[in-house]
Amino acid sequence: MRRFFPVDELARDRRFEPVRAEERLADPRNQVVRPTRGPTRAAGRLRPERPDAPDAARQLMHSIFMGEIQALEGAGRTVWDFDDAAAPFALKLDMARQCWDEARHTEISVKLGEHMGTEIGEFAETTFLYQAACNPDPVLRLTGVNRALEGLAIDVFNTMREFGEASGDPVLTFCEDWMLADEVTHVKMGSDWLRRLTEHDPDRRERALEFQRVVDKLFSFRGFRGEADENPVQLARTFRRMAGFEEAEIDEIAESSKEIAS
Ligand SMILES: [Fe+2]
Ligand SMILES: [Fe+2]
């Protein structure tokens, strides 16, 4: 079996419509729209009383569903792509456990989609997560995927769990709560392995953290994630602390959200 599997050859049936992250970010229809830009999609926190709340929630959870599949594929690649010198066996065991979790999240997401009235493939598949998981340095995979993108998943699941509670939907609330618990573990794996693998290599650590910052900033784009009421996805400080983020790192994400939102 070959190593470093290209994103364009991922197995997908006809239901899926993959788009490159660059294409999606360049398409204004896919960006979070500020309130002044039209009535169809409001900015701001997701609340049950918002008329667009069901569609916004369905779209967000479909993109998470696609992220679950790619997280499974990405963690699986890390088990296979490296020899034990580049990626210690214990790291591969953690990635194998993550595969099992992501497979379960994929099943949960399919059933949650049915519950919310969403068909598989109703929204496009952005392949950004898998692209980040193709980095030739396993430490950059850990910062780009486990810390940046699964850190974002923590924020999304916590936001959606609160939305489920506010809208009186126990199915949504339980699904989010269970997946959130696993994502905290996955982000913690990223934090722990980053520290272990770069303990004596500050330059490599800095390169990995810089990759994480670049990915994080993409998703703070136009105020998508932050701590203000206008941010649809709220930064989940407590869960990020549990996942091995230092206070200064969380502050940095919050600050960059403000810069980009203004
Ligand atoms: Fe997941
Ligand atoms: Fe995960």
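**The iron sites**

Reply: Donors are N, O and S atoms within 2.8 Å of the metal (3.2 Å for Na, K and Ca), and sites may look incomplete since water is not among the atoms. This is a predicted model, in which local features need pLDDT of at least 70, side-chain atom pairs count only at pLDDT 80 or more, and totals for chains, interfaces and linings use all residues. Residues are numbered from 1 along each chain as its sequence is written, chains are lettered from A and ligands numbered from 1 in the order in which they are written, and side-chain values use heavy atoms, with hydrogens and water left out.

Me: Which parts of the chain do E102 and H186 tie together?

Reply: Helices are DSSP runs (H or I, at least four residues), as are strands (E, at least two), numbered from the N terminus. E102 and H186 are 84 residues apart in sequence, so the pair ties together helix α3 (residues 89–116) and helix α6 (residues 170–197).

Me: Which residue bridges the iron ion (ligand 1) and the iron ion (ligand 2)?

Reply: The protein donors of the iron ion (ligand 1) are E68 (OE), E102 (OE), H105 (ND1) and E183 (OE), at 2.0 to 2.2 Å. The two iron ions lie 3.3 Å apart, and the bridging residue is E102.

Me: Are E68 and E102 buried or exposed?

Reply: Buried means under 20% relative accessible area, exposed over 50%, and partly exposed in between (1.4 Å probe, protein chains only). By this criterion, both E68 and E102 are buried.

**The aromatic pair**

Me: What kind of pair do the rings of F4 and F82 form?

Reply: Rings of Phe, Tyr and Trp (its six-membered ring) pair if their centres lie within 6.5 Å; planes under 30 degrees apart count as stacked, over 60 as edge-to-face and the rest as tilted. A search of the whole structure finds two aromatic pairs. For F4 and F82 the centres are 5.7 Å apart and the planes meet at 85°, so the pair is edge-to-face.

Me: What is the relative accessible area of F82?

Reply: F4, at 39% relative accessibility, counts as partly exposed. F82 is buried, with a relative accessible area of 5%.

**The largest pocket**

Me: Which element gives the largest share of the lining of the largest pocket?

Reply: A pocket is an open set of points on a 1 Å grid over the protein atoms alone, where a 1.4 Å probe fits, with protein on both sides within 12 Å along at least five of seven lines; lining residues have an atom within 4 Å of a point. The lining of the largest pocket includes L209, F245 and E252. The elements that give two or more residues to this lining are α7 (202–219) and α9 (247–261). The largest share, five residues, comes from α7.
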